[in-house]
Amino acid sequence: MKIPYVNFLLQWEKEREELLSIIENVLASGQYIAGRFVEEFEEKAARLCQTKYCVALNSGTDALIFGLIALGVKPGDEVITPPNSFIASTAAIVHVGAKPVFVDVLDDQNIDPEKIETVITPKTKAIMPVHLTGRMAQMDRIKRISEQHGIPIIEDAAQAIGSTYQGIPSGKWGSVGCFSAHPLKNLNACGDSGFLVTDDKKIASQVKLMRNHGLADRNTVQLFGYVSRMDALQAAILSFRIDKLDNVTNLRRQNAQLYAQLLDSSHVFFPKEQLTESNTYHTFVIQVDRRDDLKKYLEEAGVETSIHYPVPIHLQPASKYLEHGAGSFPVTERQANRILTLPVNQYLAKEQISKISHLVNGFYERN
Ligand SMILES: Cc1ncc(COP(=O)(O)O)c(C=O)c1O
């Protein structure tokens, strides 16, 4: 039997009745953009992130772009970020005209705080850690650097809804926190969606204006804005799913714990969860030798896997102008050849995790 990486159809089957009633509710309301469904989701997301404000948007990418603009990042400025994220983190920096300044990562795939200070210049206007896989970067150290240098943090928390570090949720550490609710995320819409959280009223107001043409009211354009509103339909679906997020997180955490028990650590590395953190396992990434062979072997055995991400951002054709050759960020580059994402979604049975673990262990025992 095949083990899929994600299982949208099972999610649909399990939520069918509730989703159909939500859709009917929204369509019958005649309120398709803005309004109570969006406001309800914003209240719930702000509560989860323990922030004063949440602004619902069309995507996580827009949350990053608007967050940078609201922090005052301008053409010619520099923003520090890791080179091993989804392309949207760096793309957002480029789209506001700033220069992405990459900092290599640690064993756990998150930005190395020690290296951040070495690249700060008078042009540095923001630090953008990415909480890759649902594991948060070392935010206490990053926050200290941010405060010492007066440089704000914009958290790319697209993969980390509900994660905590030292008991503080993702999105709460930075001046702004940016989330994606793309269908693949733990808190997922049935289409594109994202949101930004902040404690800063001015930032929240500015982003609210930006998402809707800069319109302060129907006929007053306060600033030249964009169109990046969350649909009422997506907001209503997310409001329903955010109430069940704890359960999703717990199931993913149980799956990860089972992997941790079963996978043979002499062949398979994955960062252990520290007492100070609670990871939500948006992905479960192992680091192994002969990754491509293992991937093929699992595929032939019916196990779908993925790689997040096989080509580091600084080595993408689009980054050529930044002039980083191979070898510039050795930890990221080494990991890019060794990382493999195993299925960890909440619909997996224990037997499936066992089967995958035994296949992985068996591959290395036999080879
Ligand atoms: C780390 C990271 N940043 C940003 C994004 C962008 O989010 P979206 O696809 O909602 O624009 C994603 C989503 O894939 C992501 O994983």
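1. Gln 166 is found in the loop that runs between strand 6 and strand 7 (168–169) of this predicted model. Although Gln 166 is not a glycine, its phi is positive, at about 50°. Gln 166 counts as partly exposed, because 14 C-beta neighbours lie inside 10 Å, and a residue needs 20 or more to be called buried.

2. Ala 34 has a positive phi of about 60° and is not a glycine. The residue sits in the loop between helix 1 (8–29) and helix 2 (36–49). Ala 34 is partly exposed, since 16 other C-beta atoms lie within 10 Å.

3. His 308 and Tyr 309 are joined by a cis peptide bond, with omega at about 15°. Tyr 309 has its place in the loop between helix 10 (291–300) and helix 11 (330–338).

4. As to the overall fold, the protein contains twelve helices and 14 strands. Its radius of gyration is 21 Å, close to the 21 Å given by the globule rule for 367 residues, so the protein is as compact as a globular protein of that length. The C-alpha trace spans about 70 × 55 × 35 Å along the principal axes. Of the 367 residues, 47% are buried. Among contacts with a separation of 6 or more, 70% are made by residues 24 or more positions apart.

5. The chain is divided into domain 1 (8–242) and domain 2 (245–366). The C-alpha centres of the two domains are 24 Å apart. Domain 1 brings 30 residues to the contact and domain 2 brings 25 residues. On the side of domain 1 that touches domain 2, the elements that give two or more residues are helix 4, strand 6 (164–165) and helix 8 (232–242). The residues of that side comprise twelve nonpolar, twelve polar and six charged.

6. Three strands make up an open sheet in the order 3-2-4, with parallel pairing. Strand 3 (99–102) and strand 4 (124–127) are the edge strands, each pairing on one side only. From one strand to the next, the twist averages 30°. Strand 2 (residues 78–81) pairs with strand 3 in the parallel sense over four bridges. Within this pair, Val 79 stands opposite Pro 100 of strand 3, and Thr 81 stands opposite Phe 102.

7. Strand 2 is covered on both faces. Glu 78 and Ile 80 are buried on one side, while Val 79 and Thr 81 are buried on the other. This arrangement may be read beside a general rule: in a regular strand the side chains alternate between the two faces of the sheet.

8. Helix 4 (residues 87–95) lies across strand 2 and strand 3, and runs at about 175° to strand 2. The buried residues of helix 4 are Ala 88, Ser 89, Thr 90, Ala 92 and Ile 93. They pack against helix 3 (60–70), strand 2, strand 3 and strand 5 (154–156). Helix 4 also gives two or more residues to the side of domain 1 that touches domain 2. After helix 4 comes Gly 97, with a positive phi near 90°.

9. Another open sheet has four strands in the order 1-9-8-5, and its pairing is mixed. The edge strands here are strand 1 (53–57) and strand 5, each of which pairs on one side only. Direction ignored, neighbouring strands of this sheet are turned by 20° against each other on average. Strand 5 and strand 8 (residues 176–180) pair in the parallel sense over three bridges. Ile 154 stands opposite Val 176 of strand 8.

10. Two helices pack on the four-stranded sheet. Helix 7 (residues 201–210) touches strand 1, strand 8 and strand 9, and its direction makes about 15° with that of strand 1. Helix 3 lies across strand 1, strand 5, strand 8 and strand 9 (194–198), running at about 165° to strand 8. Helix 3 is also one of the elements against which the buried residues of helix 4 pack.

Terms used. Residues numbered from 1 in each chain as written. Predicted model: local features only at pLDDT ≥ 70, side-chain atom pairs only at ≥ 80, totals over all residues. Pairing = 2+ DSSP bridges. Axes fitted to C-alpha atoms, helices over the stretch in contact; angles between N-to-C directions. Contact = placed C-beta atoms within 7 Å. Rg over C-alpha atoms; globule rule 2.2 N^0.38 Å. Buried ≥ 20, exposed ≤ 12 C-beta atoms within 10 Å, placed from the backbone. Domains from an automatic or database assignment. Nonpolar A, V, L, I, M, F, W, Y, C, P; charged D, E, K, R; others polar.
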